[in-house]
Each structure stands twice: as structure tokens, then as C-alpha cells.
Amino acid sequence: MKIGKRNLVIQLQLHNEKAVEFLIMEHGERLISIIRKHLFTLPHLQQECFLDTITAIWDHIDSFEDTNEFENWIGSVARYRCLEFLRSHQREATIPWLIEKEIAEEKEMMVSYLEEEEQTLFYRFYAGDIEEKTGKKEKKTLYRDMYDLLNRIDTDIFEYERERITPEEKEYLLGQLSSMLKKKKYRFSLRNYIRDSFQRLKPMISQTL
């Protein structure tokens, strides 16, 4: 099946590797521009963060909400992965205080789009203590994970200028991603299964009414 803008999300949800290739060709230069902007203090990790971002999109595509713009969500995913890289590699920086400043400013900017209760969840997800501090009922009612919450954060990917990726870089990135994705097992999606099952049952339900 040919991958295009209209069926990109569906094909990613079906874990079609060809959809990853289209994602990089269509949005790769915008995503890398976000990463280069936020990881300017860690240039040697920008390519790794890009691969990590694409993998996160692949792993958490079920968290994307149809009411949101796909470009907005993947932009927010890229920003969040940058935040994680800054935190994880803070000690590698030659000017640690600059990374501390970037982390503080980025967190403040991202939570500014959220309601007070959502801001609390953002920090809990970020700190990794959501299980301890949030009851199962509360978490289920609000958001399953950070990637659900990222639907509420506004990141207009088209506000970022395209950073050119050479054909050689694209070929390398696609090769790396292909190897990474082959190591992953296909992840069964209960949400998609229920949705698809309901769609198949719709004609039968209509006939019985």
C-alpha cells in the first residue's frame, strides 16, 4: 500500500515500516530542526536523539489523539525526548549551568499549555513517580502516560525552519531505524483491536436495528 499524508497515522499504528520511511521524508527535517535547537549544547547526541524520537513515535503512536494535529504531536514528542536527553547527559556538557537553564526553561514552556492538574501530572511523569503518587483510578481517568499528555502541548512543527538532511544521512538513519525496529516485537494494540472490531460490527448492528 502506498503511504501518504492521509494514511500515515493508520500505517504507523499498524507498524508498517514503510510508514517510518515516509515520516522521515515528510517531517524529518522539521524534527531535526527542533532537536538541533534544543540540543545545541550536545551536538554529538543530536542524531541519536532523532532516532530516539522516531522510535518513541513508533512505540507510542496509540497515544496520538485524532482531535490533535499529528504534526503538533510529533513536535511535542521531539521536544520531550530532547528534555530527556538534556537531563540524562547533563554531566557531559562543558557548561553544565547552560543545560540546567535549558531544562528549566523548556519544562516551564511545555507546562504553560497545561491546566493545573495536568501540570502536576507532567512533573510526575517526568520524575517517574506517577505510580507511587497517583492512584490507578486517577491515572486511568486522566492520562496513561506522558505521550497522552503531549497532545495538550502546542508545538507547531511548521514554525521551525527546515534543517537539511543530506541523502546520505537519510539513508543512514533509515538503516539504523530498520535495524532497531526489527529487534522490536509487534506490539498488540487493544485500543485498535476494539476500534477495528467495532467498525466490522457496525453493518451487522445496523441490520438488527
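Helix 3 and helix 4 cross in a right-handed way, where right-handed means that the near helix is turned clockwise from the far one by less than a right angle, and left-handed that it is turned anticlockwise. Before going further, a word on what you're looking at: this is a predicted model, in which local features need pLDDT of at least 70, side-chain atom pairs count only at pLDDT 80 or more, and totals for chains, interfaces and linings use all residues. Residues are numbered from 1 along each chain as its sequence is written, and side-chain values use heavy atoms, with hydrogens and water left out.

Who does the touching? On the helix 3 side the contact is made by Glu48, Cys49, Asp52, Thr53, Ala56 and Ile57, and on the helix 4 side by Trp73, Ile74, Val77, Ala78, Arg81, Cys82 and Phe85; contact here means heavy atoms within 4.5 Å. Sorted by type, these residues come out as 9 nonpolar, 1 polar and 3 charged. In that scheme Ala, Val, Leu, Ile, Met, Phe, Trp, Tyr, Cys and Pro are nonpolar, Asp, Glu, Lys and Arg are charged, and the others, Gly among them, are polar.

Now zoom out. The protein has 11 helices and 0 strands, taken as DSSP runs (H or I, at least four residues, for helices; E, at least two, for strands) numbered from the N terminus. Buried residues make up 47% of the 209 residues, with buried meaning under 20% relative accessible area, exposed over 50% and partly exposed in between (1.4 Å probe, protein chains only). Of the contacts with a separation of 6 or more, 71% are between residues 24 or more positions apart.

What about the inside? The largest nonpolar core has 58 residues, and Leu12, Phe70, Trp73, Phe122 and Leu150 touch the most other members. Such a core is a set of buried Ala, Val, Leu, Ile, Met, Phe, Trp, Tyr and Cys residues joined through side-chain atoms within 4.5 Å. Elements giving two or more residues to this core include helix 1 (8-13), helix 2 (17-38), helix 5 (96-111) and helix 10 (167-183). Helix 4 supplies the largest share, 10 residues. In soluble globular proteins, nonpolar side chains tend to be buried together.

Leaving aside neighbours within four places in sequence, Leu150 is in contact with Trp73, Ser76, Val77, Tyr80 and Met110. Its C-alpha atom is 6.9 Å from that of Val77, 73 residues away along the chain. Ser76 sits in helix 4 and is buried too, at 0% relative accessibility. Not counting residues up to four places away, Ser76 touches Met110, Leu150, Ile153 and Thr155.

Finally, look at Met25 in helix 2. At 41% relative accessibility, Met25 counts as partly exposed. Beyond its neighbours within four places in sequence, Met25 is in contact with Lys170 and Leu174. The C-alpha atoms of Met25 and Lys170 are 8.1 Å apart, although 145 residues separate them along the chain.
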